Amino acid sequence: MQKSTKDNLPFYVLMAITFVLLTIARYYCKQPLLRTLPLYISLVVGFLQSRVNRYAPLIGGFNSLLYAYVYYYFGLMAMAAYALFASCPIQLITFLQWNKRAYKHSTVFRCMTTKQRIWTTVACAAAWLITYFILKAIGSSYQLLDNTIMLFGVLISILTMFAFIEYTYLIVVSSIISIYLHAVMLLDKPEQLTYLIFSIYSLICITRGFFQARALYAEQQRLATSQKIS
């Protein structure tokens, strides 16, 4: 228990600092609480993600409903639709799936086959093109970044639901793109400062989660190998 507290202490401090920065930025940009509430909730979700904890998608699923409202407000139609119709239900299903295959505080991970990776890449490329022209037709803001992050989100959500270890790589890339999106939007919409601050916090949590998930997967592989040998 003491070791766990000591290992998590830097993230408790990081969470507290981010909370203060978000609050200062919210007042500075005169943002209503409802528009930043999902960020405060995501501080907890981010911490749980850093530990690859199966309760992260449970809280995150309900929090997606708030994100859908915020994305719609900022004109990010693809991300709003993703949060409402994909992220919310998929994360709730993910929690149930991970509980069925629970391993310590997380779940049992698996790896995609080469064929699955090829078909997934082709499907995502086709979906990106279709969605881009739809967003262009309806006049969505920041079409390239909005579309890319949305599709990354859908793919990552599905891979996470089935506990494919590949999600850990993609979520880091998606987080970096998200930081860039909020930085670009900051030029036109200063209130994006709160989301930029959170995106940096999220990247740190996700990076830690990457190594945590890889360590759990390696441990599970060793355990499976030893059981076969015995």
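**Close-up views of a predicted model**

**View 1. Surroundings of R35.** Leaving aside neighbours within four places in sequence, R35 touches V70, Y73, F74 and Y195, where contact means heavy atoms within 4.5 Å. This is a predicted model, in which local features need pLDDT of at least 70, side-chain atom pairs count only at pLDDT 80 or more, and totals for chains, interfaces and linings use all residues. Residues are numbered from 1 along each chain as its sequence is written, and side-chain values use heavy atoms, with hydrogens and water left out. R35 is buried yet has no salt bridge, the nearest side chain of opposite charge being E191, 4.9 Å away; buried means under 20% relative accessible area, exposed over 50%, and partly exposed in between (1.4 Å probe, protein chains only), while a salt bridge is a side-chain nitrogen of Lys or Arg within 4 Å of a carboxyl oxygen of Asp or Glu.

**View 2. The pair W128 and Y132.** The structure holds 14 aromatic pairs, meaning rings of Phe, Tyr and Trp (its six-membered ring) whose centres lie within 6.5 Å, with planes under 30 degrees apart counted as stacked, over 60 as edge-to-face and the rest as tilted. The rings of W128 and Y132 have centres 5.4 Å apart and planes at 0 degrees, so this pair is stacked. W128 is partly exposed, at 25% relative accessible area, whereas Y132, at 18%, counts as buried.

**View 3. The pair Y169 and F210.** With ring centres 5.2 Å apart and planes at 70 degrees, Y169 and F210 form an edge-to-face pair. Y169 is partly exposed, with a relative accessible area of 41%, and F210 is buried, with 17%.

Technical notes: Lys and Arg count as positive and Asp and Glu as negative; His and the chain ends are not counted.
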